[in-house]
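Please keep the sequence and the model in view.

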2 protein chains.
Amino acid sequence: MMERIYEKIKTYMDRAVALKRALALFEWDNETLAPVKAGEETSRIIGTLSGEYYGIMTDPCLKELTEEWGGQMQEGEIRMACVSLLREEMERLTAIPREEYEANARLTAKAGAVWAEARRKNDFSMFAPVLKEVLGYQKRFARYQAKAGQKLYNVLLDQYEKGFDMEILDGFFGRLKSELVPFLKRVMEEGRQPDDAFLQGDYPEEKQEQLARMTAEYLGFDFERGVLEVSAHPFTTSLHNRDVRITTHYKDRMDSSLFSVIHEAGHGLYEMGIGDELTLTVAGEGASMGIHESQSRFFENIIGRSMAFWKPFYPRVRSIFPEQLANVTTEQFVRAVNRVEPGLIRTEADELTYSLHILVRYELEKALIEEDMPVELLPEAWASQYEAYLGIRPQKDSDGVLQDIHWSQGSFGYFPSYALGSAFAAQIYEGMKKKIDVEGALERGEIGVIADYLQKNIHRYGRTKTSRQLLIQASGEDFEPDYYISYLKEKYGKLYGLKEDS
Amino acid sequence: MMERIYEKIKTYMDRAVALKRALALFEWDNETLAPVKAGEETSRIIGTLSGEYYGIMTDPCLKELTEEWGGQMQEGEIRMACVSLLREEMERLTAIPREEYEANARLTAKAGAVWAEARRKNDFSMFAPVLKEVLGYQKRFARYQAKAGQKLYNVLLDQYEKGFDMEILDGFFGRLKSELVPFLKRVMEEGRQPDDAFLQGDYPEEKQEQLARMTAEYLGFDFERGVLEVSAHPFTTSLHNRDVRITTHYKDRMDSSLFSVIHEAGHGLYEMGIGDELTLTVAGEGASMGIHESQSRFFENIIGRSMAFWKPFYPRVRSIFPEQLANVTTEQFVRAVNRVEPGLIRTEADELTYSLHILVRYELEKALIEEDMPVELLPEAWASQYEAYLGIRPQKDSDGVLQDIHWSQGSFGYFPSYALGSAFAAQIYEGMKKKIDVEGALERGEIGVIADYLQKNIHRYGRTKTSRQLLIQASGEDFEPDYYISYLKEKYGKLYGLKEDS
């Protein structure tokens, strides 16, 4: 009986998942290949497919089925997780009128191109009307879904990181502000700045591509189950655990692509590591945006900017660029890729300043959504915040408020997961070190040991566990931002030769 | 009232078209990029999306709507065409049980990989069981759809080229057999064979890619509305008239990619030329497979292997390959790309022998479907037919029955459209010459005049007209294979210096 009800629920799930995967493929294609003039028509297709997805998820029969089935199975079990995730999504969507849902899908499918054009022309006023419209949908959607008394921004935050509301985030970002802003000042004033001039130069694209593939493979990214392509902004997507796609971009600075690849490979390993029994179900995705980001940042920063990682691997990099790196030792290389320099662009930020870029976005999102700040005020507010936290002020909007695509996609509440991810990574790292000799494994080039640990403790569970449950499982305790702050202070205090306790 | 009914029908159409475009994107992605191990899971997605499409098209509400609306508008009108195409597809699908439809979609999504493996290993027995299964579905589907007394192969043929049944095709292929087989013999025995050794050699891939892009652009392929990528077998697909995709492959023989690109650009121009009011409707596709192929073959052969085309364009090719073509005049080049040589591989066949490759497939398809020939007999039957019509016999199945992907995809009844397309092209060419100075336009490099003619007379109509109606419109008469036979005999008689009337 239960079996038969689940089979019926599963047909709805299969259809919903297939449509989501199709939408993911359109998005991938759009970023990597689609011709420039395709946008308008393709956004119609995307709107219609989104409507199909909506129709399946809000079908009253599905609601009935999940009610019939409800609550009679053990927790943690896959079918339980799927039904409960379906129920959540069903409730979320049912609250939104179909026309608005489809209109928003069409709008965001086109808004990226408007944003890109505005950024190219450094003209925020071109983007403002679309942004206002996109933001309007997000607020309206949040209002439809808000529980009694629930703040709108908390509704949005919940979509990306369940249970992390403004109360927790105010605490988290407050700590970052009070600890990292003065620490950064000390680093810049008292620290010894390493030389990183050699990272910029004549690094031919074919060679960089060779490096990219070699690095992804070294990290365990399986090219029989994944691909690496080029896009303006590196990202990861997947159709299922045997079709995982990462991108990079090639710049004059060789570390730009290199660390993008390490970052995206971290996302990619997560997607490849999701259990076979989960892939192509609603539980066959990352647990949350923050956990996803914890995996990419763990590889990019904690592993990828450590001495132990480069000891066996740097010689292989140098064999690809023998002339460019002729006089650069492993130590010099590692110091260079850890150089701290407050900058204007989030995606080029170093490990220490990164979260401060997110802090700016968090505060502005709160203002837009909770205080109804008009979008027209964004450029100035953005510039002032950068001045306050990072000590530099963008001279043009393309280096400021126009730098990220996210808001054009309606992704409000998403940015905080980047900072949370970094903090989760540091906490997971502490837990991991109690179980395995991370540094030893890295020095021996046995990176598989680390990937295995993550696969067993995090990846394979997909969305059957929440980010909190995974954190507790992998580190032994609930979210604790201190690990992240201590990790940063210890690492950069040492690297920059700061005197302890000043 | 009518308006309101059509609006309702249109929501079904929009959904069906969006799903079809998603399936087209998966197919494209599969051929150009997807990782090797993705097949199994991706075929599940494709099966489910095909089921969605099926569900929309067989929805009883749609049937009722089309009946309510029925037959009250003028012919030729877009809405009329859409409703009547929807009705046909609805009837076709309603006759097939949903489980079988989805199972076939999953099967054919995987069968291509089995075929590729069997071909690589030159082992027909690996492919035979899948082929039998695929063929079984096609026969069953045909049986479901057959009208009283209708032959199964006619049902299949009708899907690709409406109104061209075995009676017409027996006549057509009979003419080809009786005229071209002996003519080919004369060409090979009495003709002067041109030298084409220089086409093979050191043609670096980057340079070939440069040539491919230059050529596609010269023909009018708009890279703001299309892309050119690489795949094992060149093909064309489109999402709509502003997203048209062609592929090529790079070989040691430079003419392989060059003529593939001209061929696929012909398909691409057709897709780009479909009217804006039709794109993303069910009438927004090529009129038939044969008409589609007429456009690609027109550009590849009639235009692309003519002296007039190369007069202005060959110097540009030579500027890309100055050393390789140093001693090759325009005339020598044109003669070389028209060299006739009976071979084993259809996709490498010259213009004269091409239709004989199709003749073999037509006769074998008839045998498989009308005479229930066991698939195990295919390799031997294939080899014997090649010996009879082309005078050469494949020594291995990878050069014989395993060379084409089509049957693995369930495309029985499709091959004849390749030969029909060539014949349509010759007939359209006759009509065109009465209206414009084709040779003069080509010599002046004004190829746009020709593309314009095709756009106005064929492309823009999409599927609002049948292949017959388009032929009559573009050439002034119904299908007449003599144009094709005379065109070939005249062209190759002259090129090979045959004495007239022997």
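The entries below follow that order.

I worked from a predicted model, in which local features need pLDDT of at least 70 and side-chain atom pairs count only at pLDDT 80 or more, while totals for chains, interfaces and linings use all residues. Residues are numbered from 1 along each chain as its sequence is written, chains are lettered from A in the order in which they are written, and side-chain values use heavy atoms, without hydrogens and water.

Aromatic rings. I searched the whole structure and found 66 aromatic pairs over all chains, a pair being rings of Phe, Tyr and Trp (its six-membered ring) with centres within 6.5 Å. I looked up Y137(A) and F141(A), whose centres are 5.8 Å apart with planes at 55°, so the pair is tilted (under 30 degrees would be stacked, over 60 edge-to-face). Both residues belong to helix 6 (residues 124-145) of chain A, four residues apart, helices being DSSP runs (H or I, at least four residues) numbered from the N terminus. Y137(A) and F141(A) are both buried (under 20% relative accessible area, 1.4 Å probe, protein chains only).

Charges over rings. I noted K20(A) over the face of Y53(A), 4.6 Å from the ring centre, and the charged end of R79(A) over the ring of Y6(A), 5.4 Å from its centre; the criterion is NZ of Lys or CZ of Arg within 6 Å of the ring centre and within 35 degrees of the ring normal.

Helix packing. In chain B, helix 14 (residues 354-370) packs with helix 15 (residues 378-390) at about 145°, with axes 10 Å apart (lines fitted to C-alpha atoms over the stretch in contact, angles from 0 to 180 degrees between N-to-C directions).

Conventions:
Helix = DSSP H or I, 4+ residues; strand = E, 2+ residues; numbered from the N terminus. Buried < 20%, exposed > 50% of the residue type's maximum accessible area, 1.4 Å probe, protein only.
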